[in-house]
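The tour below goes from ring to ring.

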Amino acid sequence: MLDETQVVSALAVREIVPDATQRAAIAALVTLLGTNGVSGVSGANGTNGRRTKSGPAHAHQGVYCHGLPGRGKSLVVDTVFELASCRKRRVHFHEFLREMNRRLVNAPRGDDRLGSVSKQWLDGMELLCFDEFHVHDIADAFLMGRFLDTAIGQGTRIVLTSNYAPDALLSDPEFHERFLPTIEQIKRCFTVIHFDGARDYRFGGEEAACPHFFAPLDAATRDALLAIFVRYEGNETLEPATVSAAGRPLVARAAGAALLWADFENLCVASRSHLDYLDLTEQWHGLILDHVHTEWLAKAHTLQRLIWLVDIFYDRKCALFIASDQPVEAALSGLEGAHDLSRTLSRLAEMQSHGYRNRLDGTAGSVAIAATATQTPA
């Protein structure tokens with residue numbers, strides 16, 4: 001039986017005392033999981049969450065948590081997700097799109113192929129948590145609109161975390177109106193909670209014992225990166241390698257059992273996609289991103305690729321080491337031309353902190369680590 005006290009206690013173990021908005025989200029999530037007999041989960045007494053519209057049973061079918069980066073959205077949702085004893089899945093938006101597109105390619109043609117694939121993907125699922133939900137282009141908007149409509153129709157409980165309020169999804173004025181029916185559906189069927197706390201929990205943490213970001217690109221940085229590679233791989237001999245990323249070759253400085261060492265030019269300046277970065281996280285526990293020339297970040301496509309890379313490595317709990325000509329966070333501050341840059345800065349702050357637990361932790365000295373996917377298969 002899940003109640004709010006259990007969630008608050010689980011957060012206390014991490015030295016987190018939830019603020020008023022986080023408590024409202026906890027109440028809404030516990031209520032959601034107790035609605036209509038979700039398997040193995042029982043709700044608490046009501047909710048302080050701000051339900052957008054009262055009336056139909058669908059009004060309690062989802063919780064939509066939005067706000068600035070680092071305000072504890074994923075922290076609260078992940079804590080509740082871990083405690084929930086039902087058939088469940090948590091998925092990052094990029095991974096979801098990859099899976100859906102793979103299924104669509106192989107699905108038989110029909111009048112509603114997207115609806116059929118959505119039903120198959122959701123089969124048996126009682127709770128679905130989407131992390132970093134966003135819609136920036138019309139193709140994703142069409143896919144998500146039909147998917148959410150199917151999920152709501154099947155009674156799946158849905159939790160979304162986002163940096164965007166529902167009305168701000170697909171903000172491009174050329175396409176926004178076409179997504180309005182889905183926005184209205186979210187507002188009608190979800191408890192919408194705005195995480196408006198002043199504190200970004202990812203900043204101000206104790207720095208990790210081993211530095212993760214290095215500048216400038218000099219001999220000291222080169223020695224520091226080599227020491228990191230040796231620490232996890234036990235081999236001081238670097239051998240260039242060509243590895244596969246989403247079925248395409250990627251030239252790397254070195255490829256160990258746990259750690260990949262590659263240049264920024266090959267990973268983010270070259271034409272790559274989120275599919276490449278997802279594949280890399282399934283092969284390695286960490287990445288040394290070398291030779292970042294910050295002037296390249298002024299190019300919108302390059303900056304967007306870095307944002308995708310950080311998002312995916314953060315979500316998969318992979319370690320990230322960065323070597324740049326100037327401090328990378330200072331170079332990123334104030335840049336424009338890509339979506340979700342503020343979230344990237346917030347996540348980079350956490351990824352170099354002592355509190356960031358990544359898949360390289362505990363692997364020092366081991367050279368025979370098998371990379372494993374962290375997500376539940378569809």
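Which residues do ring pairs link into a cluster? Select Tyr64, Phe93, Phe96, Trp121, Phe130, Phe133 and Phe147, which ring pairs join into a cluster. Rings of Phe, Tyr and Trp (its six-membered ring) pair if their centres lie within 6.5 Å; planes under 30 degrees apart count as stacked, over 60 as edge-to-face and the rest as tilted.

This is a predicted model, in which local features need pLDDT of at least 70 and side-chain atom pairs count only at pLDDT 80 or more, while totals for chains, interfaces and linings use all residues. Residues are numbered from 1 along each chain as its sequence is written, and side-chain values use heavy atoms, with hydrogens and water left out.

Searching the whole structure gives 13 aromatic pairs. Zoom in on one of them, Phe96 with Phe130: the pair is edge-to-face, with 4.8 Å centre to centre and 85 degrees between the planes. Phe96 is in helix H4 (residues 93-106) and Phe130 in strand E3 (residues 127-131), 34 residues apart, so the pair links distant parts of the chain. Helices (H or I, at least four residues) and strands (E, at least two) are DSSP runs, numbered from the N terminus.
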